[in-house]
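The following note comments on a sheet, the helices beside it and a chain interface.

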Amino acid sequence: MNHVITIAKREITSLFYSPIAYVVLALFALGSSLIFFNAFAPSMPASMQATFQGLVWLMILLLPGISMRLISDEFDSGTIELLMTSPLTDTQLVLGKWLGAMGFFLTLLIPTLVLVGVIEAFGDPDYGPLLTGYIGLLLVGGFYLAIGTFASAISRNQIISYMLTVFTICLFTFVIFLLSRASFIPLKLQQAMQFMFVNGHFEDFGKGILDLSRVVYFVSSTAFFLFLAVKLVESKRWR
Amino acid sequence: MIHVENLVKWYGPTRAVYNISFDVPEGQIVGFLGPNGAGKSTTIRMLTGYLPPTSGAASIDGMDVTKESEKARRQIGYLPESTPLYMEMRVEEFLHFRGKLMDMPRGDRVKAIDYVSDRCGLQQIRKRVIGQLSKGNRQRVGIAQALLHDPKVLILDEPTSGLDPVQIGAVRQLIQELKGKHTILLSSHILPEVEKTADRVIIIAGGQIKADGSPSELRQRVGQGASVLVQVKASSESVQKAFAGVEGVEAVEVHQQGEWVKAVVKPKPGSELRERLGQTILTNGWAIREMRNETASLEQFFIQITADQSQVAEESVA
């Protein structure tokens, strides 16, 4: 566990040294404010439900920017050799990398607290849905970053790993969103697809409902992609 | 301390290392010498647990590098070939990071970082960002991180590549100073490098061990059959004729250089020619300006082995 934290800490620090992190930080703050003020008007409910929904879409493009360098960078610079010859397991490496990215994602969410302040100033918000909304965002972010960690272990090229992450996330969002409405898809398959739909699972969190099955969906799919990432790193040893 | 048995590595259809076996006793400095692409780094990477061998086994201090990989890795301080470091980190920060990965408690880390900073001359640059350091200083940081946890075995892959002569001298001296405290395996493709620091040289080419012994042993092996070089004032025909008649001479080669003749006399195995050649020169009354045993250097031996590598590589494909 200590090793995981060591790796995670180094990852966060190095993220703050990379220009891409600041671009992501700026775009996330800008994007979240735009989405927020789009729905911010007199007589509208004092909630962030619309903002949260919008952020889940925005994160598709921005979070892969954080995760794309996680493991690919180590292979590119050769530092992976230092890590893999240390008494460090591949699981510790992957978990540490993911946790580091999660730490940076938390930083991304901090500016959005200003928006909570705005609602507080102009209305009387219900803090329950706000809290579950943030929990939901963390779960979605964890899932996207797990996909990103996996993709960053595939190629030492950061652009490829970015594109691959966006593509994979789209399978769970856009593609399912569109296909599950297409008439040529059988109803059973549509329902199965609905179950994979990230935004569908997130909806409840925005409304203030903390449904365990939704949590399980995110935790298990995050674990699945982290597991794939570990296997991928292990397999690199055999090449 | 290091035990390697029939190590083999194939990268797909390419054979990188074939049947390498050697043992390194505790405290020895071993130079791993070979041309680029000989399989040095591959062998080292298998020893450090970075690459699994295709077949064969290796162990560090009795711990198998594949079966007890993590334990074995703890015994090793390793400087990879290209000195990979995190460019955005400060030297001290990086050393702390390495120490944490080696499970050193904070107190030990601080002491060890002080020690290796002294040893590797990092005191002045401890707070500097690694990306802004010169190649030589980065190399020092690389060696410092390898030394940090006081490993039993120190494996340095090309520790002096890309350094200037002064820096090479400094690294060489550092390695000398570490002698006795660690078992050291260092690789190089430059012979004098290894010849000066190592107790023992293993020459590897085409993925196989070509020679193994102390530098002086190897030199002796090369020295046998060294020819004698003589320069006398005479005609080349007479020199050729006179030297060919001397007992123990295998072959004579003469070159006319103005009024001097340079003769390279190759002895039969085991014969010492200089005395008899001198006698011959005296008898003929020639003026002489040079006579010496042309000691074949390790360099020549190495070049000879290296030249064979391409041939070996072709065999491996066939």
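1. Six bridges connect strand S11 (residues 228-233) of chain B with strand S13 (residues 260-267) of chain B, and the two run antiparallel. Strands (E, at least two residues) and helices (H or I, at least four) are DSSP runs numbered from the N terminus, and two strands pair if DSSP finds at least two bridges between them. Within S13(B), Val264(B) is the residue opposite Leu229(B).

2. This is a predicted model, in which local features need pLDDT of at least 70 and side-chain atom pairs count only at pLDDT 80 or more, while totals for chains, interfaces and linings use all residues. Residues are numbered from 1 along each chain as its sequence is written, and chains are lettered from A and ligands numbered from 1 in the order in which they are written.

3. The open sheet of chain B has four strands in the order S12-S13-S11-S14, with antiparallel pairing. Its edges are strand S12 (249-257) and strand S14 (287-293) of chain B, each of which pairs on one side only.

4. Helix H9 (residues 236-244) of chain B lies across S11, S12 and S13 of chain B, at about 165° to S12(B). Helix H10 (residues 274-284) of chain B lies across S11, S13 and S14 of chain B, at about 170° to S14(B). Angles run from 0 to 180 degrees between N-to-C directions of axes fitted to C-alpha atoms, for helices over the stretch in contact.

5. Between the chains, 20 residues of chain B contact 17 residues of chain A (C-beta atoms, placed from the backbone, within 7 Å). Helix H2 (69-74), strand S6 (76-79) and helix H3 (91-101) of chain B each give two or more residues to this side of chain B.

Notes. Contact = placed C-beta atoms within 7 Å.
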